[in-house]
Amino acid sequence: MTAKSILVGATGASGFPVLIRVLELIQRDPAWSAGLILTEEAKLTLAQETDLTVEGLCGLADRVYDSGDLGAGPASGSFENAGMVIVPCSMKTLAGIHAGYAENLLLRAADVTIKEQRPLVLGVRECPLSPIHLRNMQELSMIPGVHITPLMMNFYTRPKTLDEMVTQVACRLLTPFGISPGKFRRWDGMQCNQT
Ligand SMILES: Cc1cc2nc3c(=O)[nH]c(=O)nc-3n(C[C@H](O)[C@H](O)[C@H](O)COP(=O)(O)O)c2cc1C
């Protein structure tokens, strides 16, 4: 069986522990493989939020693309790919997607994902949100296949550790692709089950 490919984009917003968990969950699923695109600012925030090097992060992906390489596969609609998740997604990149301003490979890949009508999951993160951020999210959310999935925690699953919370947020981002890791706690009536 050939693994299906998912594109993972990361920008300079806060949320790198969630990105790492997303890549780990894809890596653990033999049905899926990940291609990673990091913006230059993503590399700065990675260093602020984790002890992982850029090389260490890239080691969690099956393929890595340079965000300046607009000739790479993900720049084309004919590139075989099931969809894209951007985590964390900055307000700058959100605005770029909203405007169709494809100035780097990550933005171009998101633009292509929308035009090809594949799932595009945006793990947006900013606090508080301005009317500009909210407008961009609202308008993008109207496009079929676009999922605005903020990096928001929940408490009804009674997480005992930050690690559990990070896993739950990461699982949410992968749900639209049908990737359902065993650690995802789903609500089932009055209790939360692990799938
Ligand atoms: C430590 C750190 C945390 C940041 N967190 C956020 C954030 O949560 N959301 C956001 O929109 N921008 C955040 N930024 C600012 C973005 O990195 C900045 O807007 C950058 O230009 C985004 O570029 P990119 O979308 O091309 O990666 C943060 C910057 C730093 C240094």
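For the residue classes used on this tour, Ala, Val, Leu, Ile, Met, Phe, Trp, Tyr, Cys and Pro count as nonpolar, Asp, Glu, Lys and Arg count as charged, and the others, Gly among them, count as polar. The model is predicted, so that local features need pLDDT of at least 70 and side-chain atom pairs count only at pLDDT 80 or more, while totals for chains, interfaces and linings use all residues. Residues are numbered from 1 along each chain as its sequence is written, and side-chain values use heavy atoms, with hydrogens and water left out.

**The ligand**

Begin by selecting the ligand and the 14 residues that surround it, of which the closest are Gly-12, Thr-39, Ser-90, Thr-93 and Arg-125; a residue is counted as near if one of its heavy atoms lies within 4 Å. This shell divides into two nonpolar, eight polar and four charged residues, and both α2 (40-49) and α4 (91-99) supply at least two residues to it. Helices here are DSSP runs of H or I with at least four residues, strands are runs of E with at least two, and both are numbered from the N terminus.

A backbone N or O atom of Gly-12 lies 2.8 Å from a ligand oxygen, and a polar backbone atom of Ser-14 is 3.2 Å from an oxygen atom of the ligand. At Arg-125, a polar backbone atom is 2.6 Å from a nitrogen atom of the ligand. The ligand taken alone exposes 640 Å², of which the protein buries 70%, with areas from the Shrake-Rupley method and a 1.4 Å probe.

**The two pockets**

A pocket is found on a 1 Å grid over the protein atoms alone, as an open set of points where a 1.4 Å probe fits, with protein on both sides within 12 Å along at least five of seven lines, and its lining residues have an atom within 4 Å of a point. Its volume is the space filled by probe spheres set on the points.

Select Ser-14 and Arg-125 again, this time as part of the lining of the second largest pocket, which also includes Val-124, Glu-126, Leu-129 and Met-137. About 210 Å³ of space lies in this pocket, and its lining has six nonpolar, two polar and two charged residues.

Then move to the largest pocket, with a volume of about 270 Å³, where the lining includes Pro-17, Val-18, Met-153, Asp-163 and Val-169. By class, nine of the lining residues are nonpolar, one is polar and one is charged.

**An aromatic pair**

Select Trp-32 and Phe-177, whose rings form an edge-to-face pair, 6.3 Å centre to centre with 75 degrees between the planes; rings of Phe, Tyr and Trp (its six-membered ring) pair if their centres lie within 6.5 Å, and planes over 60 degrees apart count as edge-to-face. Trp-32 lies in strand β2 and Phe-177 in the loop between α7 and β7, so the pair ties together parts that are 145 residues apart in sequence.

**Backbone stops**

Most peptide bonds are trans, and most residues other than glycine have a negative phi. A cis bond joins Val-87 and Pro-88, with omega about -10 degrees, and Pro-88 is placed in strand β4 (residues 84-89). The bond from Cys-127 to Pro-128 is also cis, with omega near -5 degrees, and Pro-128 lies in the loop between β5 (120-124) and α6 (131-141).

Methods: A polar contact is a pair of N or O atoms within 3.5 Å; within protein, one must be able to donate a hydrogen and the other to accept it, and residues adjacent in sequence count only if both atoms are side-chain atoms. Rings of Phe, Tyr and Trp (its six-membered ring) pair if their centres lie within 6.5 Å; planes under 30 degrees apart count as stacked, over 60 as edge-to-face and the rest as tilted.
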